[in-house]
Amino acid sequence: MRIENHLSTVGLLFGTLFFALSLSPSLLPRGDAVQGIISGISLAAGYGLGVISVWLWRYLELPRPRERIQHFIYLGSAALCGLLVVSFLWQASHWQNRVRVLMGMEMVDDIRALLVGSIALLIFLAALLIGKLFHQLQLILSRKLRLIVPRRISHAAGLLMAFAVFWAVIDGVLISFALHTADISHQQIDARIDPELEPPTAPVKTGSAASLIAWKDMGRQGRRFISEGPLAKDIERLSGAPALDPIRVYVGLNAAETPRERAELALEELKRVGGFERSMLVLIAPTGTGWIDPAGIEALEYLYRGDVASVAAQYSYLPSALSLMAKGAYGVETTRALFQAVYGHWTQLPRENRPALYIFGLSLGALHSDRSFDFYDIINDPFNGALWSGPPFRTGTWRTATDRRHPESPEWLPHFRNGSVIRFANQQGGLEVGNSPWGDFRIVFLQYASDPITFFSPATFYREPDWMKPPRGPDVSEDLRWFPVVTMLQLIADMIAGTAPAGYGHEYAVEHYLDAWFALTEPEGWNEHEFDRLRKSLANKR
């Protein structure tokens, strides 16, 4: 039985090549199971590309080598691909450990080739079955259409109709079912009240008996945000000076029906607890689940010795990727409503008595925060600035500043214009760079070169991204190479399943937040020794 009767020889050669390339390193270290999934998808993608290449060659009626020559070509290609797989498997553990060493992680033993291969084979077989079903549907539709239209038109029309049927099943049935299931499960998780979290008793706390927002309506992440913040005594112990209890306000999805109503409720609660009487006021855009990075806001609370008020409104309880798929516009609507409510009240206060106003967001929160206001609406009375960490690659302001950076600056740490408005920072700083002093309105992008959320791009499918060109970021492996299709799949896996310690990838460290807030807001009352002590204390605390 010849293999060509069931599988495409060219497809297998392409698939084997892609399988080998998938073993090369990417931005984040990965385990055997994740590697198996990436390799399986890469194998299927390579096989599909090979099948399409053969079909296109035949469709264009290009000449084919004689069968004997073709046989030797296949044998030579198979031997070359086999050597490539063995070579890449041999080096895979070394590559992964090089990435781990860069991030201060422990090295691991050799990858389990049998486990990786088994997972990859199962995924490939599943993809092959789907491909066969699609092909059979396309043939059936083409035969039906051939009775009424010419042969080539029937092939094209059958292909389009098969795509339409499969997309209707995938999008209308499978994805809808998955989103509905995820929505129900995460809604139940969001509503669950953790027994170790008690409602606050102090009347000035959100969620207390005196609060406008009920404890049960704040959501799981909101209750954690309110409960787990530092108290004045905690701040005094690390800062060595008198402090206040920080003010935190959080409005959950169940607190009101619409984004505008939740925003108005947040504003009234903020006024009730004296948020506009603090020296710093921060509007926070949460991630998809409603989570707020505690390191990001705690750094500012310690830096200003508790003289900080922060406010956030939940727009989803789904993970960020699902939230973007299911309720992408709703997140922007909620964040914009909160900004308009708080900013509108802030502009009515006397300039000399109102707090400094900043906005903050991590990941999807940075994206929604960036879209929450229009520069034309604030130009007459701008707020003070923004800190956006791990901005997704679709963030408009980040994209514009990165694309228009000075040519000599790398994509992972750009220099934009004269640095008077927008500056970028990573683990090694960067905010001190600027040809002109910072103005009154400031934006900081805190990003790590190893963050796939920030540096993924669909264009990686067909071209090498600028951040891979030398000089590379301090946390990006020199072994990382770009390969068409495969590198994009690796980065997608990094976004979904990648893990890294604080200070790398998408895990932003409190000491880097502290540096960013210090440069952004320029607080008074800190000398170099005191600041270094606070920085080390916060880093050790987490």
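Mentor: Let's start with a term: a salt bridge is a side-chain nitrogen of Lys or Arg within 4 Å of a carboxyl oxygen of Asp or Glu. This is a predicted model, where local features need pLDDT of at least 70 and side-chain atom pairs count only at pLDDT 80 or more, while totals for chains, interfaces and linings use all residues. Residues are numbered from 1 along each chain as its sequence is written, and side-chain values use heavy atoms, with hydrogens and water left out.

Trainee: Thanks! Which residue meets R399 in a salt bridge?

Mentor: R399 sits in helix α13 (residues 396–403), and the pair links distant parts of the chain, twelve residues apart. Helices (H or I, at least four residues) and strands (E, at least two) are DSSP runs, numbered from the N terminus. The N to O distance is 3.3 Å, and the partner of R399 is E411.

Trainee: Is E411 buried or exposed?

Mentor: Buried means under 20% relative accessible area, exposed over 50%, and partly exposed in between (1.4 Å probe, protein chains only). The relative accessibility of E411 is 9%, so E411 counts as buried.

Trainee: How many residues apart in sequence are the parts that D381 and R354 tie together?

Mentor: The side chains of D381 and R354 meet in a salt bridge at 2.7 Å, N to O. D381 lies in the loop between α12 (375–378) and β5, and R354 in the loop between α10 (320–348) and β4, so the parts tied together are apart in sequence by 27 residues.

Trainee: What is the strand order of the open sheet of seven strands?

Mentor: Two strands pair if DSSP finds at least two bridges between them. Strand β4 (residues 356–362), for example, is joined to β5 (residues 385–389) by five bridges. The pairing in the sheet is parallel, and the order is β1-β3-β2-β4-β5-β7-β6.

Trainee: Which strands stand at the edges?

Mentor: In the order β1-β3-β2-β4-β5-β7-β6, look at the two ends. Each edge strand has a single partner, so one side of each is left without a neighbour in the sheet; these strands are β1 (247–251) and β6 (422–425).

Trainee: Which helix lies across β2, β4, β5 and β7?

Mentor: This helix runs at about 165 degrees to β7 (442–446). Axes are lines fitted to C-alpha atoms, for helices over the stretch in contact (heavy atoms within 4.5 Å), and angles run from 0 to 180 degrees between N-to-C directions. D515, which meets R535 in a salt bridge, lies in this helix too. With residues 510–521, the helix is α16.
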